[in-house]
Structure formats: C-alpha cells, structure tokens
Amino acid sequence: MKKIYLILLILILLLPESCIIQFIPETEENQELLVADGLITDQPGENIVMLSKSLPLGRKNKTVPLKGCTVTIVDDLDRIHQLSEKQPGTYVTDPDLFVGETGRKYRLLIETNNNHEDNYSYESTTMEMKPVPPIDTIFYEKKTITQSDKLSEVEEGCQVYLNTYDPSANCEFYRWEFTETWEIRIPYDVPNNVCWITERSARIHIKSTTHLEEDRINRYPLNFISNKTDRLRVKYSMLVNQYSLEEDEYLYWEKMKNVTDEVGGLYDITPATIPSNISCVEDPFQKVLGYFSVSAKTSRRIFVKDHFFGIANPYTYCPSDTIYGMQPIEGLNVTVWVIVDMSLSMPPYRVITQDNNCYGCTLRGSNIEPPFWRDDEK
Amino acid sequence: MSINIGMRFSSFFAFGPREVMVYDPVYPKIASSITDTLSFRSNQVIRSYAGPEFRMSLNFRLTDRSSFKINYNRTRQYLHLLSNTISISPADTWKLSDYYLKPQTGDQVAFGFYRMLFNRSIEASAEVYYKAIKNMVDFKGGTRLVMNENIEKDLINAKGKAYGLEMMLKKTEGRLRWSLGYTYSRTFMKSIGNFSDEIVNSGEWFPANFDKPNDLIVTFNYLFSRRLSFSTNYTWNTGRPITYSVATYNMGGLLLIHYSERNKYRIPGYSRLDISFKVSGNLRSRKIAHPYWTFSVYNLLGRQNVYSIYFRNENNRINGYKLSVFGQAIPTLTFSFDF
C-alpha cells in the first residue's frame, strides 16, 4: 500500500512564546581589575594617568577611582619622576620637573597602597616617544544631506578632513583626538543668551602609512558635523591633536576601535580581549585593562564660520506662557522661568514665562568666552 | 574477518571573479597591511587544493553475536563554519576554501565493539574515536563575521583534536521498543599564528564552539493494541561553550567590556521530554484512507531551555540576557490519514 501522510490539521492549543530574561552570569574572574589610562607627550603642561577599577556587569557606567597609588615614570636614563594625586584616581606630572622628549623611552610603574594585604605593583613595557610632524592642514567641505524640493529645504552638513605629511617618514602610525567648541545663541533678551559648548571626540581615529610610498595622509575624514545639532549655526571650532604611536600601540587602538565602533550595532562583534602594555609584577596572569601611551603631540585649530542650510534650531519651539493672577505668582524660576515680568505692584500680576533651556544657555554650556574664540579674526 | 581499504581523491578550485588582498607578511593581516590587490577574472582559478582521502576498516567477527571493528579515515573538507556564539542568535557563516583558507583535514581512528544480547533481542554497541584536525578556523577578537568583505584578515588558523565514546543499547522488536544512547565527545582547538592577534587564550587548547561533552537520548515505544500506541523520548546534553562578558570599564568616556577567555563558560544544559499517543481509525483495508489522531506534548516538563545568552549596552549599562524558545509545554493534536 502506498503511504502518503497528509496532515490535515495541526492544532496548537497553546501558542509558543520565546522568553527573554535578564541574566548576569556568575563568573570566577576578578571583576575589579586595574584600569590604567595614561598619556605622556612632549608638550609642556601636566601629563595625566587615570587609575580606576572595572565594574561588574549590570551596573551604571561610572568611574571608580583607584586612590592612594604610587605612580612613577622612569625614562631610559633611569630618571624617575613621581606623579602626584590631584584628584582621587587622577595622577599628574609636575610641569616644572617633567616634559617628555622625543627619542626617549618611558616606563610607567604603579604600586597600589591599599591597607589590605593585596597590594600589587604594575609595570608597563618600555615605550618610545616617536617624533610627530605638524598637522599639514585641516579643511572642510560642505556636504548636501538632502536636495531641495517642494517639501523640504536644502540640508547641509560639514565634513572635516585632515592632511599630514612627515618628510622624514618616521612617524608612520598616527592617532588623532579633537575637541569641538561651538557658540550658541538664545534668540531672546535673557541674561545668558550667548554660550559656548565644548565636547571631546569619543571615537577613535587612527591611521598608518606603513604601506604607502610616502609618510603622507590625504583627506583623512576626521569628523562629519551633521545638521541635526546646532553646532554649525553660529560659529564652530575644532582643536585637533595629532599623536605619534609605536606599532604596538597602533594595534591596541585598532582593536579598541573595532570593538567600540560596533557597540549596540546591528552586527555583533566577536569578543575581544584587548591586551594592555601594563602587567602585574607579582602575578603575571592578572589581567590589566587600559594602556600607557607615549606620544609626541602637535595641534591645530580650525574655525568654521559659514552659512549652512537646514541646521537644527533647538529654540524654535520654546513654549511660552503668560500667567495672570490676582495673587503674587509663586514657584517662578522653579518650574517656569520668567522672561518678562509685567507685574505691577498692584494686581493683576502678569509674567511671561518659558522653560529653563530657553531662558538661559548655561544649562548647556558656559557663558565665558573661550580665550581662543576670536583667534580667526586676528 | 574482513578488510576494506579505499581511497578517494578530491580537489577543489576557487574561481574568480574576485579581488584578493595581499598582506605584508611582516605585519599582522589588518586593513593597513594590505600591499596589493590581485584581480581574478571570471573562471580564472584563484587557488586549487587537492589531496587523497584514505580509509581502511578491519572487521573481526568474534562470535556469531559479536564483532569488533577498527577503522581509520582521512577527510578533507572545503567548507568552513564560522560562528560567533555571543550574539542573540548565534550568527553562523559558511565559507568555502579560498586563496587563504586551506581545506580542513581530519585523521580519525575508531574502535568499535558490537554485540547482540538476550537472545538477539537487544543490540549493544560501543565505539571510541580520536581525531586530529588540521586547518580549523576561528576568528580574531573584535571583528565581525557578517558582511565582512575581507574576512581572511579576521580569521585565524587552529589545529584541533576530538575524541569520544559512543554507547548504544537498542531493543527493536516486540510490543515494547526502546533505545538508550549516550555519547561523551570533546573537541578542542589550539590557535597557531605568528602574531599576537592570531593567538587565542595564550595559545592553549580550548573547547571548540560545538564542544558538548554529554549527549543522552532515550526513546521508548509501547504498542497497547494495533490501534493505540504511546511513545516518548528524552534528550539531555551539555550546553555549548560561550565567552562571557565579565566586567565593564570606562576609558576616555567609552564604555568597554572585558571578556572571559574564549569559550571558558557554557550555557546551561538542554533537557527535553516529549510524549505522544497515536490512535488509528479502524483497520479495514478496503477503506480508501486510514485516518489517525496523534496527540503529543513537546517539552512536557516545560523546561526553559536556554537558546542563547547575550549582552547589550543599554543606557550606558551592559546587561546580560538569556533567551529561551518554547519555554513551556506545547500540546498538539494532529489528524492525518494514509491512502
């Protein structure tokens, strides 16, 4: 007999569901590891080494400073410089006694001074301070985000590029960091209507020229400023720091970049242990996080004062309200901020109010003009 | 005694069109160490691999109820599985051998013993094996496997070893039929490379992604009558290895994760019991169709078997999650008929 199975009816009495529950795995690893974030350069001023501890999962991201450590930098001439703890976990060099020199080699030594038994000493590998050329140019180009049509206006953004060139071909591995500053203006006659916002770049910018004919970088896309913020509304400036790297440090930043560029992204990144150049002297198997960077540094500032179409204006929808009353109005400058006070000494009392972000810009930035702000006008 | 010797010769050609990046051998394979691009035209051979695959088996008939078997074989495999086990659904990518990826070869030796017990009503078997594997692939840390154009720079070469024991008891006749199978099997890998980014877990042996030591399967069938039967099966196995996020830390305003050694931990074990009853209609052979009803329950114990464990960055906080699919018993009723 020929058998043909024909399933006529599948009755699923209960619909299957997948379920996701929060789960913090129990691991036997130490969750409080030393995190060292240090950078010394050849520029005058303080060099900072930040020491903190890592946190178990499921905790809000914050820095837990590691206090009371002895932090020293030793160079290849065995000159020892001890850092002082300026703030908890923040150790700084004395600018009068220590300035990095290119061509020298440096080592970081850390000793924890807990009151417990578990004191450890840590040591970085010896890092050479390689010379870095000046930044050749930083320039920007307007980029059209959306073309104009009947429904929308043109939207423009600003792409900032960097060129650099080392005729001696010594540097080869570069890292950049930048700090953005922009002016904001509140379109009302309120006490603080001009402020400056300063933000540090969070992304990692690195490039190597080892496989190019020349130690030259052209049009490195450093930053794209979109029209979604008000950075380009009034005046914008960017201070770019260029650092030389040893190859080992370049590889460290490259791994770091791979991991951080993808956090929360669509495609999951394979788990990576990023090896540090710092290790524990007593227990070589103890994991240490972070890096001791030794870099020569050059800087350059660019100003952008241009008209861009379609830049966001956070002050378009400042809700305003007029309050009348027979009694003196209470709760002002707590939930509502007075723009215009038209109250007379006698009733009716009347004020025009607005929310606090529209009232003063000091919630977003500082009302003190940065010292470099008019450097482009000289 | 019987001897069986064989050889198979297999070859593999990777064809264009394709652009192959060439890396400076002095540096690790990273984007900035690309020195050249080789362009291969359509149907041009990029690289070819070929080799023999030997096999040999010796069968000793000890008595009329028992036998002993030794066998050796070599396999060459031109398809490689890459999987990242920490994503919400383990992201598997299949990759053919190419300019960089050599075929995986395995040499396996196995010994088996087979015997009929209790008047030939029960079959018993036990087999042990050992396999040495060359050219296994794994990935470097901090890379992505999906949508990756030059994946060769993110892969590492590893050697592997696998060994295990398989045992089986089976009753195939009578009203009551059952089988009991247990396997203990291990697969380990060890990374081989010249650069630090090609070394996983300090170059020590570590469990492969599919290393699941224990695997138990029990099935049981009972025929109450010609029209009513009951069957059940139970599965239990060790969870697959996983790399956990251990701690988080902050550097320069970035939230970073510190992971355990690769595949150091395992997701919880898998356990599932299913049952089913089958009721047939009357058995007159003249009927056009023979209808029957099946009532079954999948995952009777309602166990929330873990499918994956993954981590997410939510509002600057790294959280871990456990995903289970079919986390409760699922009854089904089926009506079918045979022609």
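Which residue stands opposite Thr235(B) in E19(B)? The views below show a predicted model, where local features need pLDDT of at least 70, side-chain atom pairs count only at pLDDT 80 or more, and totals for chains, interfaces and linings use all residues. Residues are numbered from 1 along each chain as its sequence is written, while chains are lettered from A and ligands numbered from 1 in the order in which they are written.

**View 1**
Arg272(B) in E19(B) stands opposite Thr235(B). Strands here (E, at least two residues) and helices (H or I, at least four residues) are DSSP runs, numbered from the N terminus. Two strands pair if DSSP finds at least two bridges between them. E14(B) and strand E19 (residues 270-280) of chain B run antiparallel and are joined by 10 bridges. E14(B), residues 228-237, is also joined to strand E13 (residues 214-223) of chain B, by 9 bridges, again antiparallel. Val218(B) has Tyr234(B) in E14(B) as its bridge partner. A hairpin of 4 residues leads from E13(B) to E14(B). Strands of a sheet pair through backbone hydrogen bonds, either parallel or antiparallel.

**View 1. A three-strand sheet in chain A.**
An open sheet of chain A has 3 strands in the order E14-E15-E19, with antiparallel pairing. Strand E14 (135-146) and strand E19 (216-225) of chain A stand at the edges. Each has a single partner strand, so one side of each lacks a neighbour in the sheet. On average, neighbouring strands of this sheet are turned by 25° against each other, direction ignored. That angle is taken between axes, which are lines fitted to C-alpha atoms (for helices, over the stretch in contact); angles run from 0 to 180 degrees between N-to-C directions. Strand E15 (residues 155-165) of chain A pairs with E19(A) over 7 bridges. Look for Tyr161(A): its bridge partner in E19(A) is Pro221(A).

Strand E5 (residues 55-56) of chain A is joined to E16(B) by 2 bridges. Leu55(A) stands opposite Thr248(B). Between E16(B) and E17(B) there are 6 bridges. Ala247(B) stands opposite His258(B) there.

**View 2. Where chain B touches chain A.**
Here 65 residues of chain B are in contact with 63 residues of chain A. Two residues are in contact if their C-beta atoms, placed from the backbone, lie within 7 Å. Several strands of chain B each supply at least two residues of the side that touches chain A, including strand E3 (34-40), strand E16 (245-251) and strand E17 (254-259). By class, this side of chain B has 30 nonpolar, 28 polar and 7 charged residues. Ala, Val, Leu, Ile, Met, Phe, Trp, Tyr, Cys and Pro count as nonpolar; Asp, Glu, Lys and Arg count as charged; the others, Gly among them, count as polar.

**View 3. The largest nonpolar core.**
The largest nonpolar core has 76 residues. Among those with the most contacts inside it are Leu34(A), Ala36(A) and Tyr174(A). Domain 1 (31-129 + 256-294) and domain 2 (135-245 + 295-304) of chain A both give residues to this core, so it lies between them. The domain bounds come from an automatic or database domain assignment. Apart from this core lies another, of 15 residues, among them Leu101(B) and Val200(B). A nonpolar core is a set of buried Ala, Val, Leu, Ile, Met, Phe, Trp, Tyr and Cys residues joined through C-beta atoms within 7 Å. A residue is buried if 20 or more other C-beta atoms lie within 10 Å of its own, exposed if 12 or fewer, and partly exposed in between; C-beta atoms are placed from the backbone.

**View 4. Two asparagines with positive phi.**
Most residues other than glycine have a negative phi. Asn201(B) has a positive phi of about 50°. Asn201(B) sits in the loop between strand E11 (176-192) and strand E12 (206-207) of chain B. Asn263(B) has a positive phi of about 55°. Its loop runs between E17 and strand E18 (265-266) of chain B. Are these residues buried or partly exposed? Asn201(B) is partly exposed, because it has 18 C-beta neighbours inside 10 Å. Asn263(B) is buried, with 23 other C-beta atoms within 10 Å.
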